[in-house]
Amino acid sequence: LVAALIFVLLILLVIPTLMQQTSQLIDTAPDLFGRLQSFLTDRFPSLMDADSTIRQQLLKIGEAIQAKGGELINGLVSSALGLINILVLLVIVPVVTVYMLFDWDNMTAKIDELLPRDHAETLRMLAREIDATLASFIRGQGTVCLILGTYYAVALMLAGLNFGLIVGFIAGLITFIPYVGAVVSTALAVLVALGTEGSTAALLALILCLFTFNTGENLIRPWLVGETVK
């Protein structure tokens with residue numbers, strides 16, 4: 001009951017802020033890109049001259065973002081939510097909550113009848129070990145994503161970075177991919193900081209993300225995932 005209350009409280013507090021920051025990020029995406037372009041122009045003038053391929057591509061990307069960026073992101077979000085709703089309605093609800101829950105004992109009994117009697121107990125033991133290992137892996141990875149995503153969000157918000165919550169949310173979603181999730185999260189945090197706050201904030205975001213990456217890959221993930229699955 002306490003866990004359920006805490007979960008509901010977090011949903012009520014976090015979801016509205018998350019939606020607000022997502023909307024703001026979509027609205028300010030063209031301006032963020034313009035600031036990044038100005039930063040690159042100031043720091044790397046040789047790469048950003050009028051005839052530079054990089055400059056031409058950046059201009060094209062900026063025009064595309066200004067023209068279709070918000071519409072594209074909104075469309076992707078709507079499509080993703082629609083797909084999730086369809087999957088929940090057509091697959092998860094009828095299959096898991098009805099068919100499997102009603103017939104679970106019958107299914108396991110039928111499978112058990114197929115086991116060779118001489119090796120039935122050994123196979124049951126192996127199945128229990130597989131079940132425990134997979135469950136531990138899923139719980140461990142989920143906990144790692146939750147911890148690191150929360151740390152990303154809290155640390156970046158305390159550091160004064162705009163859109164820290166949405167960056168932490170995205171980081172939490174992709175942290176289950178070792179190294180790739182950390183690289184994408186760090187790049188996103190640095191780019192957002194660079195576009196909104198400047199180079200000092202970007203450097204601070206980089207330091208925080210590198211610290212989180214090292215802590216997560218060397219301490220948290222081995223402890224929560226490696227130890228549980230052996």
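Helices α1 (2–43), α3 and α4 each put at least two residues into the lining of the second largest pocket; helices here are DSSP runs (H or I, at least four residues), numbered from the N terminus. This is a predicted model, where local features need pLDDT of at least 70, side-chain atom pairs count only at pLDDT 80 or more, and totals for chains, interfaces and linings use all residues. Residues are numbered from 1 along each chain as its sequence is written, and side-chain values use heavy atoms, leaving out hydrogens and water.

Back to that pocket: its volume is about 670 Å³. Of its 21 lining residues, V14, L146, T150, L165 and F169 sit closest to the centre. By class, the lining has 15 nonpolar, six polar and no charged residues.

Now the largest nonpolar core, which has 25 residues. Such a core is a set of buried Ala, Val, Leu, Ile, Met, Phe, Trp, Tyr and Cys residues joined through side-chain atoms within 4.5 Å. V144, Y152, L156, V167 and A189 touch the most other members. Two or more residues come from each of α3 (120–158), α4 (164–174), α5 (180–196) and α6 (199–229), with α6 giving the most, seven residues.

R221 also lies in helix α6, and counts as buried because its relative accessibility is 8% (the cut-off is under 20% relative accessible area, with a 1.4 Å probe and protein chains only). Its side chain makes a polar contact with that of Q141 at 2.8 Å (N or O atoms within 3.5 Å, one able to donate a hydrogen and the other to accept it).

Here are two contact lists (heavy atoms within 4.5 Å), leaving out residues up to four places away in sequence.

| Residue | Contacts |
|---|---|
| Y152 | G168, A171, A182, S185, T186, C209, T212, F213 |
| R221 | Q141, V144, T175, F176, P178, G216, G226 |

Notes:
Buried < 20%, exposed > 50% of the residue type's maximum accessible area, 1.4 Å probe, protein only. 1 Å grid on protein atoms, 1.4 Å probe; cavity = no way out; pocket = protein on both sides within 12 Å on 5 of 7 lines; lining within 4 Å. Points joined across faces, edges and corners; volume = space filled by probe spheres on them. Nonpolar A, V, L, I, M, F, W, Y, C, P; charged D, E, K, R; others polar.
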